Every structure is written in C-alpha cells, then in structure tokens.
6 protein chains.
Amino acid sequence: MATVLMQEMTWPAFADHMKRGTPVLVPVGATEQHGYHMPLGVDAYLPTAVSTGIAKAVGAIVAPTINYGYKSQPKMGGGPAFPGTTSFDASTLISAVRDVLRDLIRHGARKIAVINGHYENQMFTIEAIELVRRDAAMLGVTDLTIFRCEYWDFTRKDLLAKLFPAGFPGYDLEHAAILETSMMLHVRPDLVDMARLANDPPAKFPPYETFPVRDGWVPPSGVLSPAGTADAEKGRLLMENYVEDIGAALRKEFALA
Amino acid sequence: MATVLMQEMTWPAFADHMKRGTPVLVPVGATEQHGYHMPLGVDAYLPTAVSTGIAKAVGAIVAPTINYGYKSQPKMGGGPAFPGTTSFDASTLISAVRDVLRDLIRHGARKIAVINGHYENQMFTIEAIELVRRDAAMLGVTDLTIFRCEYWDFTRKDLLAKLFPAGFPGYDLEHAAILETSMMLHVRPDLVDMARLANDPPAKFPPYETFPVRDGWVPPSGVLSPAGTADAEKGRLLMENYVEDIGAALRKEFALA
Amino acid sequence: MATVLMQEMTWPAFADHMKRGTPVLVPVGATEQHGYHMPLGVDAYLPTAVSTGIAKAVGAIVAPTINYGYKSQPKMGGGPAFPGTTSFDASTLISAVRDVLRDLIRHGARKIAVINGHYENQMFTIEAIELVRRDAAMLGVTDLTIFRCEYWDFTRKDLLAKLFPAGFPGYDLEHAAILETSMMLHVRPDLVDMARLANDPPAKFPPYETFPVRDGWVPPSGVLSPAGTADAEKGRLLMENYVEDIGAALRKEFALA
Amino acid sequence: MATVLMQEMTWPAFADHMKRGTPVLVPVGATEQHGYHMPLGVDAYLPTAVSTGIAKAVGAIVAPTINYGYKSQPKMGGGPAFPGTTSFDASTLISAVRDVLRDLIRHGARKIAVINGHYENQMFTIEAIELVRRDAAMLGVTDLTIFRCEYWDFTRKDLLAKLFPAGFPGYDLEHAAILETSMMLHVRPDLVDMARLANDPPAKFPPYETFPVRDGWVPPSGVLSPAGTADAEKGRLLMENYVEDIGAALRKEFALA
Amino acid sequence: MATVLMQEMTWPAFADHMKRGTPVLVPVGATEQHGYHMPLGVDAYLPTAVSTGIAKAVGAIVAPTINYGYKSQPKMGGGPAFPGTTSFDASTLISAVRDVLRDLIRHGARKIAVINGHYENQMFTIEAIELVRRDAAMLGVTDLTIFRCEYWDFTRKDLLAKLFPAGFPGYDLEHAAILETSMMLHVRPDLVDMARLANDPPAKFPPYETFPVRDGWVPPSGVLSPAGTADAEKGRLLMENYVEDIGAALRKEFALA
Amino acid sequence: MATVLMQEMTWPAFADHMKRGTPVLVPVGATEQHGYHMPLGVDAYLPTAVSTGIAKAVGAIVAPTINYGYKSQPKMGGGPAFPGTTSFDASTLISAVRDVLRDLIRHGARKIAVINGHYENQMFTIEAIELVRRDAAMLGVTDLTIFRCEYWDFTRKDLLAKLFPAGFPGYDLEHAAILETSMMLHVRPDLVDMARLANDPPAKFPPYETFPVRDGWVPPSGVLSPAGTADAEKGRLLMENYVEDIGAALRKEFALA
C-alpha cells in the first residue's frame, strides 16, 4: 500500500492526489514536557499517528508535522518554565499553519483538515485558517472546506466512562495523564517509561492565572493528573475511536465516497 | 545509549543536558520535490540524519526538525511550481528558527548549531540568528555561540573527485542529484526508487531569473543533473565525511572535550 | 468618592495612583452579536462593569476598555457571519493588549489584571502578556505581576446550581444565554429586550469545526442556549459573586491590604 | 428614537442598517493627559460625542470607539512622559482601524467615516484606510467611499474669531485649551474642574523636536495654551458647528437624502 | 576638504567620525510628482542638499538618503494617483528609518538628526525614532539624542514675507510651489523647466478627505499653488537660511563646539 | 537625450513611459565597508551605474536606488562589525523592494528588472518578488514579468580569464577586490584611492559560520582578496560586458524591439 505521508511521496504521486481531490491532513504539534515518563515529542507524535490512521482509513494524505506549537500554559501543559518546552510565538505559529495551508491550496487541495495535538494551539490554528480563507478569497478560490479539531474531543462517552470509572475530571487536567500516556503506550511504547511515572496528586488551579505562575500550582513532574491506570490497550481503543470517528466526520464534511 | 533526539527525551533528561552545557543542533529542512525517484521529504530527512550522526559523535542533542523551508527556486531546487513543494514565507521561516533558538537559549543552551538541508534557507537562517542574538543581548546573554552551515559544504575534495570523475559541476545543480540521491540511498533506501530516476540532461540556466520562470529551464523531472551513478556506498562515505568533519568543527568552535 | 476609571481621571490623579502602587485592571471586550434581545456591546459592557465593581472594592483603577476582540467563533459566540460582529485579527488584539500593558508598566504599574469578557480573546491576551513580560525583562523590570481571567470562571458552584436547576450545561453554550442576559439585566437593563428573546433550543455542535460553518449548527438568533429564566436579580448575584471573589483573588495575588 | 450606537444595537438592527446603506462613523480617540482640569479620556469622549451628534443628524450609526491612539507628542499633546498617557504603537493603531473598517465592509458598509479626535492619529488612520482599500480591491469591492477628518478642522472662521478675539493661535497649541475645554464643558461637565485649570502661559516650541524632549518646552500642567475663557456655551456652539458642517459634508460625499 | 557623505567615505574615515562623536544626519525623502516643471526626485534631492550644507557647516556627516517615503496625500502632495509617485507602506518607512538609526547607534553614533523632505513622512519618522529609542534602552544605551525636523519649518518670517508679499498661504499648499521650486533652481537647475510650469490656481481643499479623492480637488499639474515667482536667488536665500538655522539648532542640541 | 532616471524625470515623462510599456530597472544596493581604498557606497553606486547603462542601451528607465541592503556577512562582505556598514533587517529590505515594485505595477509597469549590487540581498529580493507577484495576482494582474540578477553573474568567461590570469577564485572572495575596484575606477575614480589599498592575502573561510565571527577570518582591511591589478580599463570592459549582456537578456525576456 502506498504511503500516506507527503514526506515519503514523490511529487508525481502528490500531483496524482491533487488531481483526484484527495484530502490533506495537517498535524500540528508541540515540543513540550510530558512528565518524567514521556518524551518532549508527545504532542507531535500523537496527532501525526492519529492523522496517519485516519488518512489510511479515508484515503487522505498527511502533510509534514509542524513540530513546534504555542507556548505551554501552566493550567494546560505545565507552563513554559519546564526545561525542553520549546515553542513558537503566536504570530509564528499562525504564519506557519497559514503558509502550509496556502501552498496546499495553491497545489489544488480543497479539502484540508488541521489535526491539532496541543491544546494551546487551538485559537492560533483557527486564526491561520481565517487568514488563509481571506487569502484564498482574494485569489478567487471559493470551493474550499477546512476542517479543524483537537483529536481528543472525539473520545466517545462510553470509552471515557471505561477509562475513568470514578468520573472524567475533564480534558483540562489530562496533560501527560491517562489519555496521552495510553496513546503513547500504543503508538511509541519505546518512549514511555511507566516506572518513572510520577505519583503526584491532580493539579489544583484557581479560576485565573498569574504571570509568573505561583509555586505549587503545577506538580513538580509536570503531570497534571494521575496516569497510573494508563495502558497500551486503552491507547489502542482510543486510537481506534479517533480513526473511526474523525474519519467518519471527514467523510461527511468532505463528501468522500 | 540514550537518545540524542529532544523529541524522544523526557524533560529531566533535557534539563541534565542543559546543566552540562550540551550543544543543541537544530536541523532546518524543507518539503520540496526531488525528482521522480525521491520523496518530498529529502531536505528534512538528510539534515536530521546528519545532525543525529554528529550529535552521537560529539555528545550533542538534536531539536525537532523544522519540516518546511523557504520557497524552492528554479535554479536551486526546481521552483515552487512542482506539486508538493510546500513552503514558508521568508518571515515565517525567520521567525520559526528565531523562536526555537530563543527558547533553547532561555533553557540555558549557549552552544547551538543550525544544520541546514535546503539551500534556499541559507540567508533566512542567518537573519534568524542575527535577530536572536539581538534578543539575547537585550536580555543580557553574552556567552552565546551559534554555528551554522549547509552540511554539503563540508564535502572533502577527494571525495568530490571520486564522486565526479569528470569534474564536479558545482553544488548549484546538485538538487536531487548524485549527492542527495546517494545520501538517501544510505539513510532511507526504502524511499528511493532508482528505477524511476529521470534521464534528463543537466539543467542549463542563464545568469539571471525571470518570474514566472521560462518553460524549458527546469527539466520535467525536477532533477537538475544526472544522478545515475549515485549509490548507497557513496552515501555512506558522504555521511561519514559530514559527521566527522562537522563534528570536528563543532568540537573546535564549541571547545568540546 | 473619586472615580476608578482612568478615562475620567486627570493625569495627576493617575500619577498619585502609580506612586501608591494601585493595581490597574484592563477590560478586554468585543463587538459581537448577542441574539435578538441584547446589543452588540455586551462583551465590552460586562467586563467593564465587573472591573469597575472590583476596582471600587479593592482600591484599583480601570483602564479604558478595548472595545473590539478576536473573531467570534460559531461554537463560542455564533461566528463572524452575524452582521455587526466586528473584530480584530489575532495580531491586532495581541498588539493592542501588549501596548496598553507596556505603557502602564512604563508609568510604574506593577500589578495589572486583564479582565476578559469574550471567550475567543483568551489565548491572545495570554500571548500579549507573554510578550510584554519579555519586553519588560529586556528593560530590566523584574517586579511585575500580571493577573488574567475570564470573569465567569469565578461563578460559585452554589450559584450555578441555583441558576441551572437542571444542571449547568457548561460555559460553552452560555453565549447570550442565562448568565450574560442576567448580568446585562442588572448592568444595562435599558439595552435588553426580553420580549424579543429567541426561543431557539440549545445549539448542538459536533466535536470539530468546519470553515465555512455548516448551516443549522448555529441557531438563527445567535443565542446558544435558552435564556428565558434570566433576570436582574440573578445578574445582581452574579455581579456580587465576581466582585467579591475576583476581588479576593486580586487581594491575595497582589498582596493588597 | 432608536440608538445610533452599534454597541447598544442588536445585530438585526445593525443588519437593517446595512441593507439600507446606512453610513458608519468610526471614532478614533486616545488616552492622553489633558491638564490638571480635564481627564485622560477627552480625546475619546469628544469624537464619540461629535460622531453621535452627526449620526443622529444624518441618519448614520457609530461604531465602538477605539479608546487608545498614537503616542502623544510634546508639541501636539504634551508628550508620552505624562503619567496616564497610554498609547498604541503605530502598527497597532493602523491595524486596529484597518480591521474595524475591513469588517464593516464585510458586513456591507460602503460609506464609512473615520472621525479622529487626537491629532497624532492622523497619518495612521490614513494608512489604515489606504490598506483597507487595497484589501477591498483584492476582494473585488469597488463601490467604497471612506471619509476622514479631524473634527476641529471644521471650526467656522466666525466662530474661531469669536472664541479667539485676539486672533487664533493655530490648532497646534489647542491641546487641552479653549476648544477642547469648552467642548468638554458641554459634553461631560462633570469631568471638568475649572478650579484646577493651570495658569501656564502658552507653550513655545522650536521648529524641530528632540528625543528626549527638553525640559521646559512643555508647561508642567500639559496644557499648551491658556484655556481660562472656555465655557459650556462655546462648547455648545462648537458642537453645533461640527454636527452641522461635518453632517453636511457627509450628506454631500455619501449622496445622502 | 573631506567629503561629508557616508557613501563617499571609507570605513576607517567613518570610524574616525564615530570616535570623535560626529553627529550623523539622515535625509528621508520621497519619489513623488512635482508638477510639469520639476522631477520626481525633488523630495529626495532637497533634504540631501540641506543636510549636506548643514553637515559642512557644523562638522557632521550625512547617511545615504532614503529615496522613498510615505504615500503622497492629495492635500499634501497631490496624492498617489499621479504616475511616478512611488511609495513605501507606513510599516516599511518606519522600519527603514528605525534600522538605519539602530545601526548608526551600534556604530557609536549618539547624536543623530533625521532631516525630512516630504511632509507625509513626519509621523512615521517619529515612530521610527520612538521605536529605536526603545531598542536602544533595551541594549542599555542611555546617552542618545535624536533631532528631527521638516527643514522648511525653519524658514525665517522675514524671508517668508519677502517670498510671499501677498501673505504666506501656509506650508500646506507649498507642494511643488515657490519654496520647492526656488530651492531646486538653486540646487539642481538642470532639472527644472520653468517653461513648463503650470498656470493652475491654488488648490482648494475641504477640511476633510475622501478615499478615493474627488475629481477637481487637485490641479491637473499636481502643483498646489502658483510658483511663477520662484527663482534661484530665492532658493539660495532659503538654503542659507536652513543651513544656518538648522545648523545653529544642532549646535545647541548636540552641544557642539 | 532625455534622462533615464526616474528621479530626474517629471511625472508626465514617466506617464509616457508607462503608456509605451517601458521597462523599469530597480537598483538595490547597500551601505557597506569596501576596504581602505573604496567608499561605503560601492554597492549602491555600481548597480545604479550598470542599470543606467543598460537603460540607455535598451530604452528602459531606472527607479531610485535603494541605498541600504541586508546585513553584511563576513564571508561575503566582511560582516556587520565594520564601522559604517549600515543595513536593513530582512523584513525591511523585503518590504522596501516589494513596495517599490507594487507601486510601479500600480502605475502600469509590467516589465520590471531588479538589479542587485550586494550579494547578501539575493534571497530577500527574491522574496520581495514572490510576494509582489502574490499581491498582483490578488489584484488580477496577470501579464507581469520580473527579471532579477546579480550583475556580476554576467561576467564573460574570456573577460574573467583576462582579469584573473592565475584562475578566477570565485565571486565569493571578490568583495572590494578586482572586479569592484575596477568598476569603481571606471565609474567613480574620484572615490577610489589605490594608494590606500590593503595588501592583505585572500581571506580563508571554513565551510561554516560562527556568530560571533572568529578573529582572523576577515582581513583587517575588509578586502577579501588582493585587488592590486584592478584598473579603470578593466572596469570599462566589465561595464561594457554588463550593459551589453544584461541588455541582451532584457531584450529577450521583455520581447523588446
């Protein structure tokens, strides 16, 4: 089976896809701390893996991952103070996504999906899309559909209930926790060391932020809630969930066969 | 042996590197056509592989690759018209490299090397470095050394002579040709299909450019000079050359043990 | 009692505040549709009123409101297609907040609170704060504390329970709904016409976005969930809640007497 | 009578205006010192009040005021050193006005007037208009008329003669002086304290600027010429003058009934 | 006598100036229509000539002229519609002046004068200076004085009276008129053709602008008021006036011997 | 014969050129050290002189020179540390060239040539052209041809052989050396002092850069290779070469008579 990754594809292969109207998925990641037990690349690996799975399922292709994202925030990912968390300014991230989308549109792509793997990227990917739609309108492109999601928002309620028997505490505290750890144990088990998993209690944040952040708000490990029950099987189920359900959404919105 | 890739590393492992003064290499790539026989990701794969080799040799680490570069130019890489060639505007590339370097400096990195794999990126990586040095000076950082190169500029004369028995035609026309094809046959042979290699004669360019480019200047395949003598052994020798000689340069400039 | 609004204050009065270390609150709003029954200025009026209440309570002052915010999104505020929704690009909003904060810091302010009244502004106000902290660091300012919140995140659980006897559906769908309508009935009853309140059922959104948005996702009125039980007394309680609790947070974080 | 202020208007009311081709006035202000006797908001209050008066007279509507303007200059408004003078960078002001105009055009506005209340804003509002016209042209909008003025330039000669029996010294020195003080005594008398009016002689500036400004160029109060003869009746006459004459100009240029 | 023009100077000669604290003058021009009788370069030639004269008189040097300025406005210079009027966007002009000043400061210049020859440039050169002062402060430079003027503001009252026996109509309408024509007849008589001078009456503008400009506001020639009495002797007197008086101002402000 | 310089031309003369489809050449220069024997303006003088020669030969006109270029690099021009080397940031240079081209296109120019005189400008002039082509496309301009070159790339092989009897060392080291010195001796002999020519051996650079540059890489004079054999006759031949051959290329590419 031919690759779905643009990076692995020759230009004539890509040109064929454009002629056939193949959708293009653009994974947007980050380089951010993920506790003692997971690597800095989690937020790039996961949307790339999810995108690859979807692409295979629906007949799409995957653009090269944007490996850096917006600055980590304490309440979402531990914050920028963790060594290794290396980020783009807002304007850089907006421009990066905008440029990639603009060039894909130039090549003929009219069905583009931005698959975000880092919560802090959300609004900046939206602005990139708003701007590229303005650019496209100025060039007379009128038949463009852009899809955008944080992949975890597709987690099915019954799976959530299974993963969090005591009740789902919300995506806010899921940084480096059960969902991401399970996914990584499925996708890149070689990069997860459950033996080093921190035993921190869940982070507790007030309903505001201070800059600089106060000592004690973020657990020392950077893990925002306990991840001890994560396992590869849960990761497999999550991946299956995302591939099926995001795939179904793309089929519907892009009117795919 | 521990990984040298930041993406595969936990934040405490990265923090240890910062405490020890480990140099950080930043590969800057592109998504650009490379003929019928090689994929769009060549300019990202190769500087990543070279950087990884150097990092292992000298005790450095490698930041996540910037997978998009400046717009391909006809005389350097075939030009932006080839389907799949997907690029950043100049300001985006400058900002992307600047932001990554600025955050590495914030984490304590004082020995940073930008390893460029796409000729068109040269001046924009220079501007990124000039700007981040200004930023650093404004924050009082005075002990910073930044190294920058196009990796191919380290090709030894004797190896060049061996690879080009009829005389080296210059790096200008080496896009998707003997050097890059050999390197890819060494690094990612699964992504090279020599059977599909175009048989175009070398491109001939006048000493100027026109926008739009004229028909016939760029060979239909996008390969700027014949690559039929490329092989994996040549790729191995080139890789060895780069790892040894860029490594030696880094040891000298960063005063490594 | 002297005014707390910078706009109503002479410069010597402001200068006195700076000498005394008075905190400055910066309300950031928007110009956005709020259904058939409320005006375009809701997201500017409310954070201004909340800020004014807090300022009186804790001895702070209030900078002039930024009357335009980031582009409305369908799932948060109905989307940009509603006539009258008039917005800043991301870069403009970031720069606007950054410039105001930078000048306040120049005047000597060291305790600044950004009070946001439009959900879409969240990440852009964060970037403004991150950038102004970088600017300040470059100028040697090291004793700066910036506080930031969406005011509604301080709603007490018991008050939420009272307002939503059938369970709180989440802030997501609260655009132009019970909370905002009650607040406006308290703050500017002259601008609310409950007779024109739409009877739309709650909006239902999928876990993703499309650009352009699909017909039928956003109710015709722009109100995202029923607001019929809103009243001025609820607004009074909410205002009291925000003034007391944000005030308490500021007292703590700014170490006020 | 229905409100003319966009902030007080529902979106269907705004949509009706767009359908009828109603002109939109955009007041651009500043937050700037105005002596011991007037507040920091003068340059925002006055163009808003003038715009509101005109809108009622000619059947236009008024967009939310941009409350911050370009940096005060010593010869025009006392300079940035006065506490409380809080400003946008040039690029921010240009973008703010451009974005508001662009969105109004998107909603269908084709007759837009920028009413400036702060001399330093002049050229930046011009650039905003030049850029938005370029944007509009790129989107195929060709029937756009934009009007721009500093409201005080409409002061009738006979009224000037009456206000300045000893001869009008020029608008240059009118900062916080007779015109603005009279207008404020008419519009917001509660915010003017004539008892605190400084008794400084007129400022004398050389035909150049220095950065930093020299001591003694700007009177300590920030008032650039004596304002002791200001009164509310003069303010009423000025307001009447502006409403009638700017209104007449708009009727002519926008071909209103 | 050694040249005062940086362009004509070797770097060691420039370095000597920096060691001695020599002031640097930066002429900022434009490329703009100047009627049927004068060339597009007037606004670049004149500030360059004035700067050169001053430099010789006070022992300063002159940086290369910025040959493009901000967009011509109808009421100041005829407007952008005249063929040949070729301009920078505001952000470009601000950056151009800022960059030149920043690099001069880097070389050690602490006494810098911006000599403006195009009215529309005024506020943008001010912003450039404000920004470069911020940059310099971030780098710890505290002993910087920047002088800025439009050279014509130094015209002595008695000379004005002589040139305009019927009363000076104001600088507003002096575009391509008596002052500039006389100066050009003195500085570059080869580029003035008085035989082609248009006989248009003075332009009459209302106290506002429209975009697009209305037919008939700007005389067909682009000359805003009659220039028939211009002659080279008047130009000589004006030049003498400017060199002496701007020179005296620089001596005072830069504390020159 | 009428002038070919836009700066010396009236607007009606320029308008005539636009009606006739005259090509416009835009010289882009720099302000950069050129050794002890040549002035800072070499990189502005030479492309201006070359452009003027070509314009006369082919019936083109020459826009005002952009006198500042991108930051000098040690391996190309000695580097930014030489006093007097005064440069634009990348974004400023890109915008400057883009704005000039955009306005020329607005006036009707459809055949534009960018003649670069400073190696470091190459990629930034390319980006300016790429961006202005995007702008033009958004405005529906489709018949635009832009030509771009570094003028020295047209040096004929036989002339090179004559100038460098011992073999041409490459353009890399030609900064302030035989080619530029000969050209200046032809164009502006008054600004060359061969008596002060440094006797430095050729610079030797490694195949990489460090920031900051290492001591000893750049000869103290800033001349990168010996220029003792330069003379005016060689300059005359070079100028003839460029005028003829760039002229011929323009005739071909612009389909001139």
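The side chains of Asp89(A) and Lys71(A) form a salt bridge, 3.0 Å from N to O. A salt bridge here is a side-chain nitrogen of Lys or Arg within 4 Å of a carboxyl oxygen of Asp or Glu. This pair links distant parts of the chain, 18 residues apart. Asp89(A) sits in the loop between helix 3 (74–77) and helix 4 of chain A. Lys71(A) sits in the loop between strand 2 (61–62) and helix 3 of chain A. Helices (H or I, at least four residues) and strands (E, at least two) are DSSP runs, numbered from the N terminus. Over all chains, the whole structure holds 114 salt bridges.

This is a predicted model, in which local features need pLDDT of at least 70, side-chain atom pairs count only at pLDDT 80 or more, and totals for chains, interfaces and linings use all residues; side-chain values use heavy atoms, with hydrogens and water left out. Residues are numbered from 1 along each chain as its sequence is written, while chains are lettered from A and ligands numbered from 1 in the order in which they are written.

**Confidence**

pLDDT is the predictor's confidence in each residue, from 0 to 100. Chain A has a mean pLDDT of 96, and 100% of its residues reach 70 or more. For the complex, the predictor gives an ipTM of 0.97 and a pTM of 0.98.

**Two interfaces of chain A**

Chain A touches chain B and chain C. Contact means heavy atoms within 4.5 Å. Buried area is the accessible area (1.4 Å probe) that two parts lose on being put together, summed over both. A polar contact is a pair of N or O atoms within 3.5 Å; within protein, one must be able to donate a hydrogen and the other to accept it, and residues adjacent in sequence count only if both atoms are side-chain atoms.

| Interface | Buried area | Salt bridges | Polar contacts |
|---|---|---|---|
| Chain A and chain B | about 3,900 Å² | 4 salt bridges | 30 residue pairs |
| Chain A and chain C | about 3,400 Å² | 8 salt bridges | 19 residue pairs |

Take chain B. The contact uses 52 residues from chain A and 52 residues from chain B. Carbon and sulfur atoms give 56% of the buried area. Gln7(A), Trp11(A) and Tyr68(A) supply 19% of the area that chain A buries here, more than any other three residues. Asp89(B) and Arg102(A) meet in a salt bridge, 3.2 Å from N to O. On the side of chain A that touches chain B, helix 1 (11–20), helix 2 (42–58) and helix 4 (90–106) of chain A each supply at least two residues. Helix 4 of chain A gives the most, with 9 residues.

Now chain C. Here 38 residues of chain A are in contact with 38 residues of chain C. Carbon and sulfur atoms give 52% of the buried area. In chain A, Met123(A), Tyr208(A) and Phe211(A) lose the most area to chain C, together 21% of what that side buries. Helix 4, helix 5 (122–138), strand 4 (145–150), strand 5 and helix 8 (232–253) of chain A each give two or more residues to the side that touches chain C. Helix 5 of chain A provides the largest share, 10 residues.

Chain A and chain E make no contact; their closest C-alpha atoms lie 17 Å apart.

**Sheets built from two chains**

Strands pair if DSSP finds at least two bridges between them. One open sheet has 5 strands in the order 5(A)-4(C)-3(C)-1(C)-2(C), with mixed pairing. Its edge strands are strand 5 (209–211) of chain A and strand 2 (61–62) of chain C, each pairing on one side only. Within chain C, strand 1 (24–28) and strand 3 (111–116) run parallel, joined by 5 bridges. Val28(C) has Asn116(C) as its bridge partner.

Helix 8 (232–253) of chain C lies across strand 5 of chain A and strands 1, 3 and 4 of chain C, at about 160° to strand 4 of chain C. Axes are lines fitted to C-alpha atoms, for helices over the stretch in contact, and angles run from 0 to 180 degrees between N-to-C directions.

Another open sheet of 5 strands runs 5(D)-4(E)-3(E)-1(E)-2(E), also with mixed pairing. Strand 5 (209–211) of chain D and strand 2 (61–62) of chain E each have a single partner strand, so one side of each is left without a neighbour in the sheet. Strand 5 of chain D runs antiparallel to strand 4 (145–150) of chain E, with 3 bridges. Glu209(D) stands opposite Arg148(E).
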